[in-house]
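Open the model in a viewer and keep the selection panel at hand. The stops below say what to select and what is there.

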Amino acid sequence: MCMELQLGLAPPGSDTWSRPLLKLGLYEDINVNSKKRGFDHGYLEDEFSAASFKNYEKGLVGWPPVKTWRRKKLRCQVHNHMTAAENGCCGGRASNSTYVKVKMEGVVIARKIDISIHQSFETLTTTLMTMFDIFDENRRSFKLTYQDKEGDWLIAEDVPWRFWCSSCDLGRSGYFCL
Amino acid sequence: MHKKMAFSFPDEVLEHVFSFIQSDKDRNAVSMVCKSWYEIERWCRRKVFVGNCYAVSPRMVIRRFPEFRSIELKGKPHFADFNLVPDGWGGYVFPWIAEMAGAYPWLEEIRLKRMVVTDESLELIAKSFKNFKVLVLSSCEGFSTDGLAAIAASCKNLKELDLRDCEVDDLSAHWLSHFPETYTSLVSLNISCLGSDEASFSALERLVRRCTNLKTLRLNRAVPLDKIANILRHAPQLVEFGTGTYTADVRPDVYSDLAGVLSSCKELKSLSGFWDVIPDYLPAIYPVCSKLTSLNLSYATIQSPDLIKLVSHCPNLQRLLVLDYIEDSGLEVLASSCKDLQELRVFPSDPFGAEPNVSLTEQGLVAVSLGCPKLQSVLYFCRRMSNEALVTIARSRPNFTRFRLCIIEPKTADYLTLEPLDVGFGAIVQYCKDLRRLSLSGLLTDRVFEYIGTYAKKLEMLSVAFAGDSDLGLHHVLSGCESLRKLEIRDCPFGDKALLANAAKLETMRSLWISSCAVSFAACKLLGQKMPRLNVEVIDERGPPDSRPENCPVDKLYIYRSIAGPRFDMPPFVWTMDEDSGLRLS
């Protein structure tokens with residue numbers, strides 16, 4: 001059984017998201033792409049550290065050549081800037097909203113979930129399961145995976161949470177499969 | 001009789017003459033004239049520069065220069081800035097501090113770049129050097145605010161504490177309170193890289209108030225906008241100021257307070273910081289803009305119209321760092337307003353986005369090159385380029401000394417002709433005869449390297465990525481660039497031939513970094529064997545290189561000349577190729 005949960009990472013109020021994003025389904029049913037680009041060789045780290053950051057599309061380390069420190073500082077800023085925009089503090093680009101639209105197959109009404117208030121995939125999963133009334137004992141049979149822009153399925157836990165959360169790339173089309 | 005007179009200047013006279021020679025290069029040249037000049041020079045050299053901390057040992061430096069007061073050390077290769085050097089690689093400063101602590105109680109200045117600095121090292125500095133005055137840490141890591149507290153508490157004569165782009169473990173903002181109440185000698189403080197969520201504002205205010213010689217103050221993001229006025233009020237003599245966060249609820253009293261205090265800073269020449277900027281507060285700095293020579297807006301996520309307004313108020317700007325939100329239109333205004341501009345850096349606001357998020361193209365760079373006659377240093381990130389634009393830029397601005405262009409997508413061709421950008425970059429090296437530093441990007445064949453080898457005779461540092469077709473490319477560079485000191489290459493089809501054929505060249509350079517290319521382990525071993533004065537270090541996180549076939553390419557290779565021999569502090573993923581052509585296991 002595979003429940004289709006479509007999370008869209010789009011500005012709030014935007015009705016269109018052309019790509020399906022988050023998917024809820026049983027692990028065995030998911031065709032996880034074995035090509036785990038770029039997250040092998042010990043680049044997996046819990047901390048959003050320099051070593052784990054990559055140009056996600058190409059799996060390139062250190063490209064474009066922007067200093068780690070600068071990337072971090074700018075990212076924190078854009079993130080906060082956008083959250084502030086959400087709260088109506090100031091105008092600005094809203095293309096990197098931290099809100100995610102949730103839609104479940106068979107359910108007409110879409111829901112919204114704020115990624116930024118979660119600290120890990122654990123808490124996100126818990127929230128999602130509560131949202132869709134999945135009992136806790138069924139939790140273990142679900143695995144969180146997501147589809148990126150190029151259509152590859154990747155296991156969510158392989159990506160450091162903060163990396164996934166704050167990366168613009170992933171932000172546009174993360175497709176979770178629980 | 002005449003012969004004798006040539007050497008009859010007393011040492012003190014020569015020493016006095018040498019004291020006017022400050023540059024490292026000149027000092028080195030002086031020391032090579034004859035034995036007696038070598039001797040005199042080494043006793044009176046006060047500033048020592050070590051471009052690669054592994055090229056020489058601390059003891060060797062101390063032996064040769066018994067009375068230096070200032071040392072500058074650089075550690076990790078430049079590509080460490082982009083995460084290409086794994087953690088734990090090296091660059092530890094502690095051995096240097098330990099040796100100097102014993103030999104130089106009168107050491108005054110330490111400047112470090114890309115080194116690992118521990119709290120232990122900082123504590124040792126604080127304890128050992130009674131007249132310590134200047135600590136500049138640039139892109140360093142490994143220490144916490146505890147180490148800073150030790151410096152603050154003990155260094156009574158500290159004038160400069162400058163932490164640039166450092167990774168600091170922010171345990172407590174209260175380290176600032178460790179400066180004693182009697183301490184007043186601070187001239188420059190840069191804590192912009194500190195993160196602490198709570199800053200000790202009162203300690204900071206008190207410090208600023210009593211240090212009346214303070215000229216440079218760069219705050220960190222934790223300092224809110226409404227606190228800046230209180231701090232600045234006590235320092236109207238500031239020449240360089242970095243704000244903290246530049247956002248707050250828009251309140252007229254906060255605004256006028258800030259504007260008032262800023263306009264009383266008559267000496268202000270440089271502004272930076274501007275995190276979380278909201279445009280409403282920007283006009284507060286307009287009164288000081290006309291005197292500004294340096295402006296760092298590279299964290300300011302404001303849009304082109306606000307940037308344009310700001311920049312038009314700064315006719316005397318010499319240095320601008322900005323995000324690509326400035327767009328081509330903003331750069332055109334810059335070109336017409338800021339005729340004194342010498343250095344421009346445009347950073348990408350969305351480096352990993354597939355589509356451009358702003359309208360910044362090669363046109364902006366062309367505009368600035370055409371409009372700013374003194375422009376000599378550029379770092380520019382964009383998404384498209386053409387040979388035509390590069391040729392225009394080269395022709396109009398032959399005075400470039402540093403040209404670093406990053407076209408974000410690797411191997412991007414000329415967007416007009418779909419050809420490689422060889423001709424464009426060729427024009428840059430041909431027209432800009434004083435070019436010292438060059439970074440390439442875009443689609444490039446071996447031809448661009450032929451141009452570089454032929455024309456770039458003053459080039460000292462070259463950065464190459466995703467370029468070239470064959471070893472010939474590398475050969476052109478190594479055989480042609482006479483002044484080359486640092487070469488860093490990644491993801492290019494360069495292999496053994498060019499490297500081995502130009503082995504001798506490597507001894508004339510500071511270092512060569514080559515990663516994700518096609519250099520085999522066998523070639524590395526051979527190089528290590530042939531060249532005893534080179535440290536040939538293989539970095540490979542996959543495991544020992546001899547666990548794979550010899551002709552397998554190594555992951556990363558760092559080669560540097562050294563008179564200190566192989567180093568002993570290597571982590572498990574670094575192997576040095578020594579004369580025995582075997583592996584030295586660390």
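Start with Cys44(B): its sulfur lies 13 Å from the closest cysteine sulfur, that of Cys34(B), which is too far for a bond. A disulfide would need the two sulfur atoms within 2.5 Å. This is a predicted model. Colour both residues by accessibility: Cys44(B) is buried, at 7% relative accessibility, while Cys34(B) is partly exposed, at 24%. Searching the whole structure gives zero disulfides over all chains. Cys34(B) accordingly takes part in none, with the sulfur of Cys44(B) as its nearest cysteine sulfur, 13 Å away.

Next, show the domains of chain B. Select residues 7-45 for domain 1 and 509-585 for domain 2. The centres of these two domains in chain B, taken over C-alpha atoms, are 38 Å apart.

Now select helix α10 of chain B, residues 225-233. Which of its residues are buried? Leu225(B), Ile228(B), Ala229(B), Ile231(B) and Leu232(B) are.

The last stop is helix α16 of chain B, residues 387-396, where Ala389(B) is found. Ala389(B) is buried, with a relative accessible area of 5%. Leaving aside residues up to four places away in sequence, Ala389(B) touches Glu362(B) and Val366(B). Finally, draw a C-alpha to C-alpha distance from Ala389(B) to Asp340(B): the two are 22 Å apart in space and 49 residues apart in sequence.

Key: Residues are numbered from 1 along each chain as its sequence is written. Chains are lettered from A and ligands numbered from 1 in the order in which they are written. This is a predicted model: local features need pLDDT of at least 70, side-chain atom pairs count only at pLDDT 80 or more; totals for chains, interfaces and linings use all residues. Side-chain values use heavy atoms; hydrogens and water are left out. Helices (H or I, at least four residues) and strands (E, at least two) are DSSP runs, numbered from the N terminus. Buried means under 20% relative accessible area, exposed over 50%, partly exposed in between (1.4 Å probe, protein chains only). Contact means heavy atoms within 4.5 Å. Domain bounds come from an automatic or database domain assignment.
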